[in-house]
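Open the model in your viewer and keep the selection tool at hand. The stops below say what to pick next.

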Amino acid sequence: MDDTLAEEQKATARAALEREGRGFAEEIGLGRTNNPASLFGLLVAAVLVAPRGEAAGPARAAHEVTNRWHTASDLAAASAQDVAKELGAAVEGFDRDDGDDSASDDAGTLIALAAAVSDSWGGDLRRLRDEAGQDPEAERRFLTDLPGVDDAAVDVFLREVQVLWPEIAPFADARALRAAAALGLGETAEDLGRYGGGPEKIGRLAGALARIEVEGSHDEVRRAAAEA
């Protein structure tokens, strides 16, 4: 690779991290900690934000739900009405484009998810990881067996949790890779590993790129890199 091009790519990666490096989870107050409450909170957030482009509103809703019901067992015992009310309060008009009552639907999904995590894994996704033998494909299979968890939600969850579960790294979801390609940073998760820092850096860079793709802020990142 040409040295000049390599330096430009490094500057772009730094600009992306400086702009969005916390990722959506940290931005809404969901810490990346390898404990049952934090891991379940990340999964709830992934289920809510994945189908909605990781917009700020659903991310806030995820924060409100996990802030009130800290664990899977807490949420499993909640009433659908209370959860729907929390979702609706966090995001006015928390509805799908087709006009269905998304708050009620999502409340039922989240309660079913919480019950399944409690019943199958004692509320602790670390037990899922152990049962999967820390094999990423097995982890994905177990996750997609849970209510409301499709491949898009798993992609968001794995992107965030690779900081804690290094066997997943390097991992980048489709949104992150579209931004990476547009910014000249490569086309695969392995390409993102060129910018150093191990699983934590890759996870943060992938999260930053996904947010850039959602916001359409590619030009801002390019300008910041050029001015650095």
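Helices here are DSSP runs (H or I, at least four residues), numbered from the N terminus. This is a predicted model: local features need pLDDT of at least 70, side-chain atom pairs count only at pLDDT 80 or more, and totals for chains, interfaces and linings use all residues. Residues are numbered from 1 along each chain as its sequence is written, and side-chain values use heavy atoms, with hydrogens and water left out.

**Stop 1: Arg 14.** Select Arg 14, in helix H1 (residues 3-20). Arg 14 counts as partly exposed, at 44% relative accessibility. Buried means under 20% relative accessible area, exposed over 50%, and partly exposed in between (1.4 Å probe, protein chains only).

**Stop 2: helix H7.** Select residues 102-121, the 20 residues of H7. From first C-alpha to last, H7 reaches 27 Å, close to the expected 28 Å. That expected span is 1.5 Å times one less than the number of residues. Colour the buried residues of H7, among them Asp 106, Leu 110, Val 117 and Trp 121. The buried residues of H7 pack against several helices, including H3 (36-49), H4 (56-68) and H8 (125-131). Step just past H7 to Gly 122, which takes a positive phi of about 60°.

**Stop 3: H6 against H7.** The axes of H6 and H7 come within 8 Å and cross at roughly 125°. Axes are lines fitted to C-alpha atoms, for helices over the stretch in contact, and angles run from 0 to 180 degrees between N-to-C directions. H6 and H7 are therefore oblique to each other. Oblique is what remains once angles under 35 degrees count as roughly parallel, over 145 as roughly antiparallel and 65 to 115 as roughly perpendicular. Which residues of H6 meet H7? Show Ala 80, Val 83, Ala 84, Leu 87 and Gly 88. They meet residues of H7 including Ala 103, Ala 107 and Ile 111. Contact means heavy atoms within 4.5 Å.

**Stop 4: Gln 162.** Is Gln 162 buried or exposed? Select this residue in the loop between helix H10 (151-161) and helix H11 (174-182). Gln 162 is buried, with a relative accessible area of 0%. Not counting residues up to four places away in sequence, Gln 162 touches Ile 168, Ala 169, Pro 170, Phe 171, Pro 199, Ile 202, Gly 203 and Ala 206.

Key. Helix = DSSP H or I, 4+ residues; strand = E, 2+ residues; numbered from the N terminus.
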